[in-house]
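Good morning. I will go through one structure today, starting with the contact between its chains.

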2 protein chains.
Amino acid sequence: MDASYKPHDRMAELLADELAQVNDLIRDRMASEHAPRIPEVTAHLVGAGGKRLRPMLTLAAARLCGYDGPYHVHLAATVEFIHTATLLHDDVVDESKQRRGRPTANLLWDNKSSVLVGDYLFARSFQLMTETDNIRVLRILSNAAATIAEGEVLQLTAAQDLATDEGIYLKVVRGKTAALFSAATEVGGVIAGASEDVIKALFDYGDALGIAFQIVDDLLDYQGVSAATGKNIGDDFRERKLTLPVIKAVALANTEERGFWERTIEKGIQNDGDLETALTLLNAHGTLEATKQDALSWADRAKAALEQLPDHEVRTMLRDLADYVVERIS
Amino acid sequence: MDASYKPHDRMAELLADELAQVNDLIRDRMASEHAPRIPEVTAHLVGAGGKRLRPMLTLAAARLCGYDGPYHVHLAATVEFIHTATLLHDDVVDESKQRRGRPTANLLWDNKSSVLVGDYLFARSFQLMTETDNIRVLRILSNAAATIAEGEVLQLTAAQDLATDEGIYLKVVRGKTAALFSAATEVGGVIAGASEDVIKALFDYGDALGIAFQIVDDLLDYQGVSAATGKNIGDDFRERKLTLPVIKAVALANTEERGFWERTIEKGIQNDGDLETALTLLNAHGTLEATKQDALSWADRAKAALEQLPDHEVRTMLRDLADYVVERIS
């Protein structure tokens, strides 16, 4: 296999058969005999070319632990259903109009459909899990679902509050992103009957990878290019979201700078040129660079966790994946 | 015990210790270390004096089957969490401003909080279930959650469509109301290790009771008094909800009457006096009376299911409860 492929694509190639089974299962289970609106809305999102990163992590972890099926497929589909349900509800909460370069479901249909179809997918994900007959994976994934919702609520109240510090940011990020990554890798090990050490390492890898992933996302919002992220530069600033680069800049702000952040983020009074001023402050305090270093450090932690795992081609791919996640900012 | 008590109150007295344990567990599990918004929103709803009818059904079914704990308490709390999550999301979908005589959470906080706190309670309910270590109750309750969401989506698309017939209405009612009633009674039997015949009878009782309950609710919307229901007469008409009295009237409508329903329900063009005209049509075709007979018939089915169960003071209370549900319209 050509090492110049993106690690994500190499993994998809290695796991192609199982990914196809996951896709079949998702298509099968998103159907509803009675309510055709459900598969319409779900297909719009599931078919929109997401990278299937989370379900792939479950399949990869199970493969690494020598599992030969069939329930890793159910768990991978479960993880994707939880993710999709979360996206549907997120877009309602954020009043988003675009996702993956296409209009959001809440825009194409309405908020009601997004809320209720999201609920349906949550319920379907739990039905799927019960088919594994493994109560431990049910615990892990229901814990993850609770942590995700808790992180989203915390973000709601913390987002526009300048008192939000790096500790709170990390809790939000663990909730909104890392909880599902770590559950995805952990259940792959659990279903394979791996040792507790291996399961712990898989959890730690997913946790650190998810945190790195989200920090990169938040950093690219201030320095990425629109084509790479599908978002516009400064979306988080305009939406008054307190992410790591700004949290670090607020901590270093003088009185005048603090006034700027209070006006633009806390009060939401933004004028022409404010985004440029924000970027100037982030650069002046070196917080974009510091945020980048944090992301790289979490990617290193993810790779360190892999050291606890047996040597395996999947392990190499997971290591490369950790590098790839931070490559966009390196 | 004085038989003149309402059956609901007699049951609450008999199950007082376990209901107190359910309330403690609910209070304990609705907490969130990180996001104080969660218990605020939940307490507003959970504390609003709901009748705890659904969790009581679980406790009653377990008691009837001779179970002596402790997991029926977890299941009863699970059922109440699912119910509460559903109410939070319903009020967002329906844009409701009042619930149980108090302002709704979406009005007091915002839609975002209601969506996300509902998600949190769903996840918490699944966490609670896993503590029972009983995969069958997990299946029953995740199936119920999927049926609820499916019923809500179906209602969304069927509500303003005059093609909605009694068959579709029954599917919606099974989803939005009866699925949780029947799951509540069924899991009480399952956790107690009851025979399949008994479990089936408990399911049938909950299903029929839930359907009777919802038909009564829909009927009272046209003929109740505001104080008894906490709703105003004609709310469903104004919200263009096709419920059983109207579905029956549409089926019997002449051309002119059909035009009236098309304008008021399908197109949503309503003028002064339209509610009075609607009531006149419902009475002219006898559909309020026919709807009442349907409710009574479902209450009879609920009581018939009880015949399969062992003689027990709880069985008598469940029979009285079925009578009580339809008493408001008798």
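**The interface of chains A and B**

Asp133(A) and Arg139(B) join their side chains in a salt bridge, with 3.3 Å from N to O; the term requires a side-chain nitrogen of Lys or Arg within 4 Å of a carboxyl oxygen of Asp or Glu. Across the interface of chain B and chain A, the rule finds two salt bridges.

A word on the source. This is a predicted model, where local features need pLDDT of at least 70 and side-chain atom pairs count only at pLDDT 80 or more, while totals for chains, interfaces and linings use all residues. Residues are numbered from 1 along each chain as its sequence is written, chains are lettered from A and ligands numbered from 1 in the order in which they are written, and side-chain values use heavy atoms, with hydrogens and water left out.

How many residues of chain B are in contact with chain A? The number is 40, and they touch 40 residues of chain A, contact being heavy atoms within 4.5 Å. The area buried between the two chains is about 3,700 Å², and carbon and sulfur atoms give 73% of that. Buried area here is the accessible area (1.4 Å probe) that two parts lose on being put together, summed over both. In chain B, His34(B), Leu116(B) and Glu150(B) lose the most area to chain A, together 16% of what that side buries.

Now the symmetry. Chain B can be laid on chain A by a turn of 180 degrees and a shift of 0.0 Å along the axis, with an RMSD of 0.0 Å; the superposition is by least squares on the C-alpha atoms of residues with pLDDT of at least 70 in both. The two copies are therefore related as by a two-fold rotation axis.
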